[in-house]
2 protein chains.
Amino acid sequence: MTQKHHARQEEYIADITVDCVMFGFHDFQLKVLLLKWPGANAWSLPRGPVRRSQLITDAAISMLHTTTGLDDVFVQQFQTFSRPEERWRSGRTHEAAASHPHLTPSLISVGFYALVDFDRVKPSVEGTFQWCEMADVPELLFDHHDVVESALLALRKDLRYLPIAKLLPGKFTLREMQKLYETILNREFDRRNFHKLLMSYDFLRKLPEKKTGSQNKSPHLYTIDFDKYESALQDGISY
Amino acid sequence: MTQKHHARQEEYIADITVDCVMFGFHDFQLKVLLLKWPGANAWSLPRGPVRRSQLITDAAISMLHTTTGLDDVFVQQFQTFSRPEERWRSGRTHEAAASHPHLTPSLISVGFYALVDFDRVKPSVEGTFQWCEMADVPELLFDHHDVVESALLALRKDLRYLPIAKLLPGKFTLREMQKLYETILNREFDRRNFHKLLMSYDFLRKLPEKKTGSQNKSPHLYTIDFDKYESALQDGISY
């Protein structure tokens, strides 16, 4: 064992990673950022190690910064997963790990989800990270498919109390916001009632601009007053 | 290093524990089970190690079984905590750890809460484990005070979707159930409206028996139809 290898072992907590489900919303669709492992033809979520001197949230933020270049991303820890040694010693992950030394699963992974403004993300490694629609997520390494599913359930549960609207771009239409809610909750809302409900919370600011594009009408653009949004979330937003 | 010591290191995941907030409800009060460390005059939550071959939930269940003798406890993972090495190298926990080799904090602790029927718990070590009212929780080792606070917040959030009524005894009065909700939510409900709301869900069964005791009236006793309760929780219980 070289001295450098020994130093690295000391620095990081063994057997633990932070695994991150990065959500983005684009073109009325919820997407997730996936990592393609070069040379292994396998996909996973981005993940990173945790230093012994570091809070796990900081480990997640640092990993997201490396991945996306952003340093003000909303992250939320949602569940911790365990993968007992025996269970991954077979199947797809095992094969991939045999071909690629970095593909060994960690025994414990702390799951975070992140909400990012899709337009601002510049994945740092061209072609390696890729946005993928929720419906088209390919087979993932480790238990990352479960992690994605659980993150979506957590997002659904957190919609009342956490600033999920951070997924929207700086300016958006009410139809976009409705679609975001509908996608996360997997149900449809009546347009009029939903807009009335949203406006009743007083955190949306109507802009003078309208959205231009291929649609028949040019709908109004809105933006969020995040102070008012935060205080509405304190009591919980019903829908 | 003895051979036995080496075997133990291999068997468990280093630097990780499961830490458990066991809630009980008794005499209209929410209580939590604490552990008094013999010889250290210090309190903490019960905690346990995680085997490399074990799911973290199983580690929590196994620890709860050792602690209470129960093997059908509802446990819910709610948050994972990290304690960077530098941060606990001072203060109360550091002093206690110096005096007692088992009192070293783990770098990562996966927090679970458990809901138990108070009357059924027989703490296995007389005088070491003790129920404590939420308002009277003493100073706790590690970051266990934060863990208790976070568990209560999680319980509050989960009240819509998880079977929190498992905290009640097999037979209970509507007043007891109301008080449980009020305690967890830290707010008061109008008696009539709350009872009407509860009865609207169809998971309560009125028993022929009444509660006898020191009160002026003898209120009716109720029990829960857990099948109906589970299906009400699927949609979420409003209050």
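Analyst: Buried area is the accessible area, taken with a 1.4 Å probe, that two parts lose on being put together, summed over both. In this predicted model, local features need pLDDT of at least 70 and side-chain atom pairs count only at pLDDT 80 or more, while totals for chains, interfaces and linings use all residues. Residues are numbered from 1 along each chain as its sequence is written, chains are lettered from A and ligands numbered from 1 in the order in which they are written, and side-chain values use heavy atoms, with hydrogens and water left out.

User: What is the area buried between chain A and chain B?

Analyst: About 2,300 Å² is buried between chain A and chain B, and carbon and sulfur atoms give 53% of that area. A:Arg52, A:Leu55 and A:Lys157 supply 23% of the area that chain A buries against chain B, more than any other three residues. By contact (heavy atoms within 4.5 Å), 24 residues of chain A meet 24 residues of chain B.

User: What makes B:Asp15 and A:Arg52 a salt bridge?

Analyst: The term asks for a side-chain nitrogen of Lys or Arg within 4 Å of a carboxyl oxygen of Asp or Glu. The closest N and O atoms of B:Asp15 and A:Arg52 are 3.0 Å apart, so the pair qualifies. Between chain A and chain B the count is 4 salt bridges.

User: Which strands and which helix of chain A each supply at least two residues of the side that touches chain B?

Analyst: They are strands S1 (12-26), S5 (74-82) and S6 (108-115) and helix H4 (144-158) of chain A. Strands are DSSP runs of E with at least two residues, helices runs of H or I with at least four, numbered from the N terminus. The largest share, 5 residues, comes from S5(A).

User: Why is the aromatic pair of A:Phe118 and A:Trp131 called tilted?

Analyst: Rings of Phe, Tyr and Trp (its six-membered ring) pair if their centres lie within 6.5 Å; planes under 30 degrees apart are stacked, over 60 edge-to-face and the rest tilted. A:Phe118 and A:Trp131 are 4.9 Å centre to centre with 40° between the planes, so the pair is tilted. A:Phe118 lies in the loop between S6 and strand S7 (129-133) of chain A and A:Trp131 in S7, so the pair ties together parts 13 residues apart in sequence. Both A:Phe118 and A:Trp131 are buried.

Key. Buried < 20%, exposed > 50% of the residue type's maximum accessible area, 1.4 Å probe, protein only.
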